[in-house]
Amino acid sequence: MIKSKSLKKVLAAALALSLVMAPAMGVSAKTGSTGSISGNSSSTSEGGSTYTPTVTVAKTSSINAGGRYLVTTIKGAYMSAKIPGTVVTTAKETLAAAYNLAPGEAPYVRVYDITAKNSPSAMASIEAVTKALGGTMVAAVNMELGKTLGGKFSLLPQGGAPISVVFGIPKASIRAGYAYAMVCVRPGGAFEILPDLDTDPNTVTFNTTGGLGAYAIVMYPVA
């Protein structure tokens, strides 16, 4: 759990950020028939910089941590090279019902790495919150929780029903004496600290909602 003293620091950081933050923006990606994303198929600009990923797209994702094997419940474009596995554990049918998906619509997720170069506003917010916690950022991604219909992708509404997600923690960042949490920054600069809901030292489990968010695994020392 996050200490109350750290939370007070985080709130102070949030006040400062609300005065200076530019909107956080994400990458819009299209998946081609070859299962890859080309530099010409997706781009976005934030703060004057442009990000155009060129990566191989995995349509599913799994985590094998200490004998606990998890497989994501929904298809997507799982593109992060920094996080060893992203798994949505909410059942596909539950998610579809909670977000009132129409016939023919299917839940879909896109996950891809971000840096200070391609997402400066989101990373500035993440770094400020991480500093307030006295912690270290492990890895950061944009995650777009949405739906597809006829091959077209759109975001689910933000602030809807909870969606449970598990991120694998990179082995180099698994250390005794540290706790883990997620920092989620939404478009416009608003952020949440999402506590780790499991006891597995290899993973972070958290609840979020639909839409676009920049998510960072943060590790911080515990007494």
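**Close-up 1. Strands β12 and β15, side by side.** Strand β12 (residues 163-168) runs antiparallel to β15, and 6 bridges join the two. Strands here are DSSP E runs of at least two residues, helices are H or I runs of at least four, and both are numbered from the N terminus; two strands pair if DSSP finds at least two bridges between them. Across the pairing, Phe 167 stands opposite Val 204 in β15. Strand β15 (residues 203-208) is mostly covered, with 5 of its 6 residues buried. Buried means under 20% relative accessible area, exposed means over 50%, and partly exposed is in between (1.4 Å probe, protein chains only). A heads-up: this is a predicted model, where local features need pLDDT of at least 70 and side-chain atom pairs count only at pLDDT 80 or more, while totals for chains, interfaces and linings use all residues. Residues are numbered from 1 along each chain as its sequence is written, and side-chain values use heavy atoms, with hydrogens and water left out.

**Close-up 2. Tyr 108 meets Phe 153.** The structure holds 3 aromatic pairs. Rings of Phe, Tyr and Trp (its six-membered ring) pair if their centres lie within 6.5 Å; planes under 30 degrees apart are stacked, over 60 edge-to-face, and the rest tilted. The Tyr 108 and Phe 153 ring centres are 6.0 Å apart with planes at 65°, so this pair is edge-to-face. Tyr 108 sits in strand β9 (residues 106-113) and Phe 153 in strand β11 (residues 152-155), so the contact ties together parts 45 residues apart in sequence. Tyr 108 counts as buried at 15% relative accessibility, while Phe 153, at 23%, counts as partly exposed.

**Close-up 3. The ring cluster.** Phe 206 and Tyr 215 have ring centres 5.8 Å apart and planes at 35°, so they make a tilted pair. Both residues are buried. Ring pairs link Phe 167, Phe 206 and Tyr 215 into a cluster.

**Close-up 4. Inside the nonpolar cores.** A nonpolar core is a set of buried Ala, Val, Leu, Ile, Met, Phe, Trp, Tyr and Cys residues joined through side-chain atoms within 4.5 Å. The largest one has 29 residues, and Met 143, Ile 163, Phe 167, Met 182, Phe 206, Tyr 215 and Ile 217 touch the most other members. Elements that each supply at least two residues of this core include α2 (92-98), β13 (178-185) and β16 (211-221). The largest share, 5 residues, comes from β10. A second, separate core of 16 residues includes Val 129, Leu 133, Ala 181 and Ile 193.
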